[in-house]
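Student: I would like to learn how to read a structure like this one. Could we go through it feature by feature?

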Amino acid sequence: MMRFKRYSANLLFFILSLLFLGFFFLGERFIPTQINLSTMPMLNSMFVVFLGLFLESIPFLFLGAIASSFIHLFISEELIQRMIPKKPIAALFWSIVAALIVPVCECAIIPVVRRLIIKGVPIHAGVVLLVTAPILNIIVFGSTYYAFQKNPEIIYGRVIICILTAIIVGAFVYIFCRKDIIKENANEHNHTQHDHFSSLSHKLTHLINHITDEFFMVGKYFIIGAVFASVFQVCVDRTILAELGNSQIQGTVLMMGIAYILSLCSSADAFVAASFSHSFLPGSILGFLVFGPMLDLKNTLIMMSCFKWRFVLIYILLVFLVVLSLCLLAGVWISRGGL
């Protein structure tokens, strides 16, 4: 029965893949003519916004699922552990480098970091991986570049603020959080169960299965986020958006809150952020792009299962304050002619 369900899921994944490719290359030509919502202008506007977000994001959702699954199966945390030195400052910066090769899923990185800390990786180095892994990879950079080609301050600001946040949070944890932070009998997330297979065919089968699971997991969150963004853009009064968007502090806090609730995959969240770019200042957009991958609703629940609640609360408060402060500073800098 389990094998039948797995084959059915893979077949559904293949069919949806073909449909998604068709939507991506032909959707703008055929879908608007087949779906006529002219009698309902508001619903038509929401559909157009959603369709644009959906078609732009599909390639990056696929790439993100493939990259995450490949890294999950073929790169072990033992390799990452050997890369990270024991000296505090060196470990902090090497963790940033190691973030380039760890899973892109912000959920998967939490139990990976938990196991690394148990195996002897310094706590502050593990926290740096938590902060940087969902953002510092080529898939996320590519999607951000594609979504903000005319806004280099957003593209590079996301990376810079991520690195600065990692350094500040890592240094704080090293100084003030040296006690054991691991929660006993924590539930491992199924993304990080590394199975070792004897044959290449078994590995490829498991890789396909994991890509299927990964794509559907991140896809459902993205669709929810895209629907929310399209409804928000069309239904919310423009005067309210103008008031909030023109306020650096209120706009940034609001966008960070939206990112937390939507819990989007970092490989495609840039397209949702771009849909808000006409209503919010660059600093607020950066708050959405930086805070969301580091901390959202779903990975908060996973953190509570892996780490002690006191550490989780400190981490949430620290990341929120650091990201908010850096994004406000970045917003002021950009408004004065930054990049």
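**Reading helices and contacts**

Tutor: Asp296 caps the N-terminal end of helix H14, with a side-chain oxygen 2.9 Å from the backbone nitrogen of Asn299. A polar contact is a pair of N or O atoms within 3.5 Å; within protein, one must be able to donate a hydrogen and the other to accept it, and residues adjacent in sequence count only if both atoms are side-chain atoms. This is a predicted model, in which local features need pLDDT of at least 70 and side-chain atom pairs count only at pLDDT 80 or more, while totals for chains, interfaces and linings use all residues. Residues are numbered from 1 along each chain as its sequence is written, and side-chain values use heavy atoms, leaving out hydrogens and water.

Student: How many helices and strands does the protein have?

Tutor: Helices (H or I, at least four residues) and strands (E, at least two) are DSSP runs, numbered from the N terminus. The protein has 15 helices and zero strands.

Student: Is H14 enclosed or open?

Tutor: Buried means under 20% relative accessible area, exposed over 50%, and partly exposed in between (1.4 Å probe, protein chains only). Seven of the ten residues of H14 (residues 297-306) are buried, so this helix is largely enclosed by the rest of the structure. The buried residues are Lys298, Asn299, Thr300, Ile302, Met303, Ser305 and Cys306. Of the 339 residues of the protein, 50% count as buried.

Student: How is a pair of packed helices described?

Tutor: Two packed helices are described by the angle between their axes and the distance between the axes. Axes are lines fitted to C-alpha atoms, for helices over the stretch in contact, and angles run from 0 to 180 degrees between N-to-C directions. The axes of H8 (residues 152-176) and H15 (residues 309-335) come within 10 Å and cross at roughly 140 degrees. H8 and H15 are therefore oblique to each other; angles under 35 degrees count as roughly parallel, over 145 as roughly antiparallel, 65 to 115 as roughly perpendicular and the rest as oblique.

Student: Which residues of H8 and H15 make the contact?

Tutor: Contact means heavy atoms within 4.5 Å. H8 contributes Glu153, Ile161, Leu164, Thr165, Ile168, Val169 and Phe172, among others from H15 including Ile314, Leu318 and Val319. By class, the contact of H8 with H15 has 14 nonpolar, one polar and one charged residues. Here Ala, Val, Leu, Ile, Met, Phe, Trp, Tyr, Cys and Pro count as nonpolar, Asp, Glu, Lys and Arg as charged, and the others, Gly among them, as polar.

Student: At what angle does H11 pack on H15?

Tutor: H11 (residues 248-262) and H15 pack at about 135 degrees, with their axes 10 Å apart. That makes H11 oblique to H15. On the H11 side, the contact is made by Gln248, Ile249, Thr252, Val253 and Met256. This contact has nine nonpolar, three polar and no charged residues.

Student: Is Asp269 buried or exposed?

Tutor: At 2% relative accessibility, Asp269 counts as buried. Asp269 is in helix H12 (residues 269-275), and its side chain makes a polar contact with the side chain of Arg158 (2.9 Å). Arg158 is also touched by Thr144, a residue of helix H7 (residues 138-147) that is buried at 1% relative accessibility.

Student: And what is the relative accessible area of Trp94?

Tutor: Trp94 is partly exposed, with a relative accessible area of 41%. Leaving aside neighbours within four places in sequence, Trp94 is in contact with Met83 and Pro85.
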